Amino acid sequence: MSAPVPMPKRFLAELLGTFWLVFGGCGSAVLAAVFPYGQGDTNPLGLGFVGVALAFGLTLLTMAYAIGHVSGCHINPAVSFGLWASGRFPSSALLPYVVAQVLGGILAGGLLYGIASGRKGFELIGSNPLATNGFGAHSPGGYGFWAALIIEVLLTFFFLLVILGSTHRDAIKDFAGVPIGLSLVLIHLISIPVTNTSVNPARSTGVALWVGGEAIGQLWLFWLAPIVGALLAGWVQRHLLEAGEH
């Protein structure tokens, strides 16, 4: 049996992994979702919603194999909370993981802002500048508070069920990154119009802090809802789906 990975290495892995998730996912939305810029709805070369959804899934898939053996590749506070609720993650590691994830997200958001600012005419305007999350006026499709709350709880719940099932000791762990990455693609395909898709407090925080204003004012929902969904999934997995083990 291999020796446990020291916390500093796990901390760095979570920071780098979350950086990649936010930079790759939000970067695709900010830099490549619409192209050429300022061309209205023509969008002949832009990635669109499907491309952004794929970008988020690919960042998670690639990091699962890059750092999964180091830290487990949570790269999301909700995932850490869900694994903790399922009994698979120690309380002592929860805070270091969350701090690393948030720092990685903030660093990625800052670098993305710096790159995006290099284009003449770029401004932090519109309903979701820098790919922030929101509801009401800050929902891409104009969805209200309750719709945002419900979908973020629900999608994080199922995201964690996929993660917990795919990484179960009886599952084929070598392929766990595939269903997990694909589930994040599906989640974005469903919910980009509603909240611009969070299911990850570090992803939301990483860009909201650089935008300020209402992006920070609504940030609490994108901490509360994903963590609630993750805790519910962890409880369900531990007490209802682990047949004959408790």
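Helices (H or I, at least four residues) and strands (E, at least two) are DSSP runs, numbered from the N terminus.

**View 1. Fold of the predicted model.** This is a predicted model, in which local features need pLDDT of at least 70 and side-chain atom pairs count only at pLDDT 80 or more, while totals for chains, interfaces and linings use all residues. Residues are numbered from 1 along each chain as its sequence is written, and side-chain values use heavy atoms, with hydrogens and water left out. The protein has 9 helices and 0 strands, in the order α-α-α-α-α-α-α-α-α along the sequence. The C-alpha trace spans about 55 × 35 × 30 Å along its principal axes.

**View 2. Interior and surface of the protein.** Of the 246 residues, 49% are buried (under 20% relative accessible area; exposed is over 50%, partly exposed in between; 1.4 Å probe, protein chains only). The accessible surface is about 11,400 Å², and carbon and sulfur atoms hold 71% of that surface (Shrake-Rupley method, 1.4 Å probe; for residues, only the protein chains shown count as cover).

**View 3. Nonpolar surface patch.** Val50, Leu54, Leu58, Leu186, Leu189 and Ile190 make a nonpolar patch of about 540 Å². Patch residues have over 30% relative accessible area and no salt bridge, with like charges joined within 9 Å and nonpolar side chains (Val, Leu, Ile, Met, Phe, Trp, Tyr) within 5 Å; a salt bridge is a side-chain nitrogen of Lys or Arg within 4 Å of a carboxyl oxygen of Asp or Glu. Helices α2 (48–71) and α6 (177–195) each contribute at least two residues to the patch.

**View 4. Leucine 54.** Leucine 54 belongs to helix α2. Its relative accessible area is 41%, so Leucine 54 is partly exposed.
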